[in-house]
Amino acid sequence: MSKPIKHSEANSDFFDRVYQVVRLIPEGRATSYGAIAKYLGAARSSRLVGYAMNGAHVHNDIPAHRVVNRNGMLSGKHHFPPHKSMEQLLSNEGIVVADDQIQNWKNVFWNPEEELRL
DNA sequence: CACTTGACTTATT
DNA sequence: TAATAAGCCAAGT
């Protein structure tokens, strides 16, 4: 059997998996694109994670604000709506953000490989 | 159908 | 330490 391809929807398994992981991020925590990518088995596809986030806005259960780059910097804050900025959402969960960067990032970092522990 | 861009990361110079 | 190159995959032009 080959693959059941839909003709109007891209069978982007990657994106769906990214969304699944992002949904699992607990409140008050955050993770990085690379961590998710690595968890999915493609550490070098971290760009896809970010790109997936770009399409995440159509989903309502994707806390994209909990996903930042590996430095804990809010690289995607410019893609958030003005009334609910990334920094505001994070701060709302108890995460301290200063200068577009998560403070105590090492502590806030949520590693799916460790937390989900396969 | 080919080329460019993108919310990244790692390795190399 | 900073700058550059390469790698990954999808969507847009």
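Q: Which atom of DNA strand B lies 3.0 Å from a polar side-chain atom of His79?
A: A phosphate oxygen of DNA strand B lies at that distance from His79. This is a polar contact, that is, a pair of N or O atoms within 3.5 Å; within protein, one must be able to donate a hydrogen and the other to accept it, and residues adjacent in sequence count only if both atoms are side-chain atoms. The model is predicted: local features need pLDDT of at least 70, side-chain atom pairs count only at pLDDT 80 or more, and totals for chains, interfaces and linings use all residues. Residues are numbered from 1 along each chain as its sequence is written, chains are lettered from A and ligands numbered from 1 in the order in which they are written, and side-chain values use heavy atoms, with hydrogens and water left out.

Q: How many residues surround DNA strand B?
A: There are 16, and the closest are Ser46, Arg47, Asn69, Arg70 and His79. A residue is near a strand if one of its heavy atoms lies within 4 Å of it. By class, this surface has five nonpolar, nine polar and two charged residues. Nonpolar here covers Ala, Val, Leu, Ile, Met, Phe, Trp, Tyr, Cys and Pro, charged covers Asp, Glu, Lys and Arg, and the others, Gly among them, are polar.

Q: Which element gives the largest share of the surface near DNA strand B?
A: That is α3, with six residues. The elements that give two or more residues are α2 (33-39) and α3 (46-54). Helices (H or I, at least four residues) and strands (E, at least two) are DSSP runs, numbered from the N terminus.

Q: Turning to DNA strand C, which residues come nearest?
A: Of the seven residues around DNA strand C, these are Phe15, Arg44, Arg47, Leu48 and Tyr51. An N or O atom in the side chain of Arg47 is 2.7 Å from a base nitrogen of DNA strand C. For Tyr51, a side-chain N or O atom is 2.9 Å from a sugar or linking oxygen. The backbone of Arg44 has a polar atom 3.2 Å from a base oxygen.

Q: And inside the protein, which residues of α1 are buried?
A: Phe15, Val18, Tyr19, Val21 and Val22 are buried. Buried means under 20% relative accessible area, exposed over 50%, and partly exposed in between (1.4 Å probe, protein chains only).

Q: Why are they on the same side of α1?
A: They cover an arc of only 165° around the axis, taken from the directions from the helix axis to the C-beta atoms. The buried residues of α1 pack against α2, α3, β2 (67-68) and α6 (112-115); contact means heavy atoms within 4.5 Å.

Q: Which residues touch the most other members of the largest nonpolar core?
A: Of its 18 residues, Val18, Tyr19, Val22, Ile36, Met53 and Val67 do. Such a core is a set of buried Ala, Val, Leu, Ile, Met, Phe, Trp, Tyr and Cys residues joined through side-chain atoms within 4.5 Å. The most residues, five, come from α1.

Q: Is Asp99 buried or exposed?
A: Asp99 is exposed, with a relative accessible area of 72%. Its phi is near 55°, a positive value in a residue other than glycine.
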